[in-house]
Amino acid sequence: MKRLLIPLAAAGLAAAALAAPAAAAPSWVTDPLAPKPADAYSTALFWLDANGAALKKAAQYHWDYKNITKLVRVSSDTPDDGKPGVVAPIGAATTGGKVKNVNLPKTIGKVFFVDSKGDYRWCSATSVQSRHRNLVATAGHCVYERGRDVFAKWVFVPGYYQGKAPFGVFAGAYAFTTYDLDTYDDYDGDFAFVAVHNGFDLPGSREVSPSEFAEWKGDKWVDNRWQKVAKDDYEKGVNAGRLGRIVDGVATQTTGPEDKRGVFQPKEVSSETYDDAAGLDVTRIGAKARSTTTVLSDQEAAEYQSLKALTAAQRAERFEKNQVKYWDKSESFLGTVTGGAGSAKLTRYYVKQWIIPGADAAYFLGDPHFMIGLAKDTGKLGDTVGGQGMAWNQPQGQPVFAFGYPADEHPDGSKPYTGVTPKYCYGKTGTKTYQVNSFRVETHQVLKCSMTGGADGGPWLLKYSNSKRLGYVNGVTSLFHDQDGNDRVDLISSAYFDGETADVYNKAQFAETKSIIGPKGEMLG
């Protein structure tokens with residue numbers, strides 16, 4: 001796994017409070033997510049494209065029932081790891097006066113990512129205060145897959161609700177966690193801090209000239225709008241490479257192009273018809289336009305990538321031989337594939353059908369409109385939603401609010417949560433530290449709570465102000481436990497935030513990130 005060493009600037013944010021004692025010098029690691037603006041742009045677009053289709057498709061990253069465990073008490077004392085420390089929150093969002101209900105923090109949201117199986121997943125998380133106002137706190141297992149490598153296409157969406165990103169999507173740049181979690185899957189350090197780029201949003205699109213379209217660095221597509229034309233104009237347009245179609249008046253369908261009376265007619269069909277197309281009567285010619293994502297097999301992905309390297313003449317030759325699946329007749333490239341079995345934007349499908357037009361046929365030519373997707377910079381995370389404070393080496397037994405988006409059912413099959421809206425638990429953390437036998441855990445703090453999977457990664461907020469919606473992160477939900485054996489979650493646990501946590505946070509809060517969008521809405525290189 002590639003390691004990055006982030007240069008640390010001179011202290012700028014309560015450096016004395018952040019410094020861990022010399023005797024406690026924990027090891028930490030950092031891994032790249034999408035540090036380059038172009039990669040971050042692609043990641044954010046992946047989740048927001050097609051009206052947030054990928055966001056809506058994602059499911060919670062959940063634990064199997066066998067991982068709903070019991071705890072063993074191992075200590076009656078708070079771990080001694082140095083002096084307590086805090087960093088104040090920023091960006092108070094006041095409601096004014098006293099309130100009866102609990103006001104949800106503006107800082108919480110969901111992190112979305114793609115796991116090694118290609119599944120779209122999410123966890124809970126929160127924005128936290130940092131030097132560059134760009135830091136997210138969540139569970140380590142919501143960033144690192146089985147403690148090994150980081151997940152792909154990692155983003156934070158504060159205030160997420162049903163496919164909507166009201167404050168934009170914040171693509172992860174660098175992830176920070178403990179060496180022991182990264183190397184040994186040690187859940188005593190099941191937390192992570194992720195430095196994110198400025199927020200990304202898609203407010204709309206506009207039509208541009210072909211030259212502007214060719215130069216545009218960002219999301220773009222061709223929208224073919226049909227125009228009815230005379231038969232002679234139709235034939236001239238098709239011969240010049242324009243997409244055409246003939247409507248009604250079809251007399252017969254022949255077996256192939258040897259019948260000079262007919263023409264190859266592009267026809268839009270369903271994906272099922274496209275997949276079944278074969279022979280001369282109906283031949284696949286390509287997929288057109290952008291929208292949701294289609295996953296390709298390894299073989300298809302390799303074929304798709306090989307076509308990308310062909311010259312226009314080679315593509316034209318393959319087109320005539322009916323061998324091109326991912327270009328239309330105008331030889332426009334239709335998307336991108338990442339990795340092996342990658343994803344391509346293939347949502348409208350066309351076949352070539354040999355037909356003989358009747359006397360009353362209507363002829364249409366595609367009128368290409370060159371469209372670009374306009375991106376918007378929504379600013380730094382901390383400036384947009386604020387950031388919770390941080391606390392470590394705090395005494396046990398203090399009241400905290402735990403927030404998250406629970407979605408999993410209980411082991412008994414009951415499902416009280418949907419994962420659509422955030423929930424919370426309130427209580428005092430356990431006065432004893434605990435061990436989890438089925439995981440590498442020696443010291444966890446606990447809270448009575450019935451939230452289930454999906455809430456993992458959500459913050460435990462100490463000294464939470466209901467009016468300001470701000471407090472101090474003193475833990476993040478890590479594991480779920482059935483302590484009384486009734487097949488329902490009754491306890492959640494978190495790594496104890498100690499001097500090691502402060503050390504990881506101290507490194508993470510100096511990581512610099514940037515905007516990934518230029519002043520005109522273009523992708524930065």
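**Close-up views of a predicted model**

**View 1. Surroundings of Trp 47 in the predicted model.** Leaving aside residues up to four places away in sequence, Trp 47 touches Gly 52, Ala 53, Ala 54, Leu 55 and Ala 58, and also Phe 112, Phe 113, Val 114, Tyr 120, Lys 153 and Val 155.

**View 2. The largest nonpolar core, of 27 residues.** Trp 47 belongs, together with Phe 112, Val 157 and Phe 200, to the residues with the most contacts inside this core. At least two core residues are supplied by each of α2 (37-57), β5 (108-114), β6 (120-128) and β10 (152-158), and the largest share, 9 residues, comes from α2.

**View 3. Another nonpolar core, lying apart from the largest one.** This core holds 26 residues, among them Val 128, Leu 135, Ala 195 and Ala 502.

**View 4. An open sheet of 6 strands with mixed pairing.** The strands follow the order β4-β23-β29-β28-β24-β25, and the edges are formed by β4 (85-87) and β25 (423-428), each of which pairs on one side only. When direction is ignored, neighbouring strands of this sheet are turned by 30° against each other on average.

View 5. In general, the strands of a sheet pair through backbone hydrogen bonds, in either a parallel or an antiparallel manner.

Terms used:
Residues are numbered from 1 along each chain as its sequence is written. This is a predicted model: local features need pLDDT of at least 70, side-chain atom pairs count only at pLDDT 80 or more; totals for chains, interfaces and linings use all residues. Side-chain values use heavy atoms; hydrogens and water are left out. A nonpolar core is a set of buried Ala, Val, Leu, Ile, Met, Phe, Trp, Tyr and Cys residues joined through side-chain atoms within 4.5 Å. Buried means under 20% relative accessible area, exposed over 50%, partly exposed in between (1.4 Å probe, protein chains only). Helices (H or I, at least four residues) and strands (E, at least two) are DSSP runs, numbered from the N terminus. Contact means heavy atoms within 4.5 Å. Two strands pair if DSSP finds at least two bridges between them. Axes are lines fitted to C-alpha atoms, for helices over the stretch in contact, and angles run from 0 to 180 degrees between N-to-C directions.
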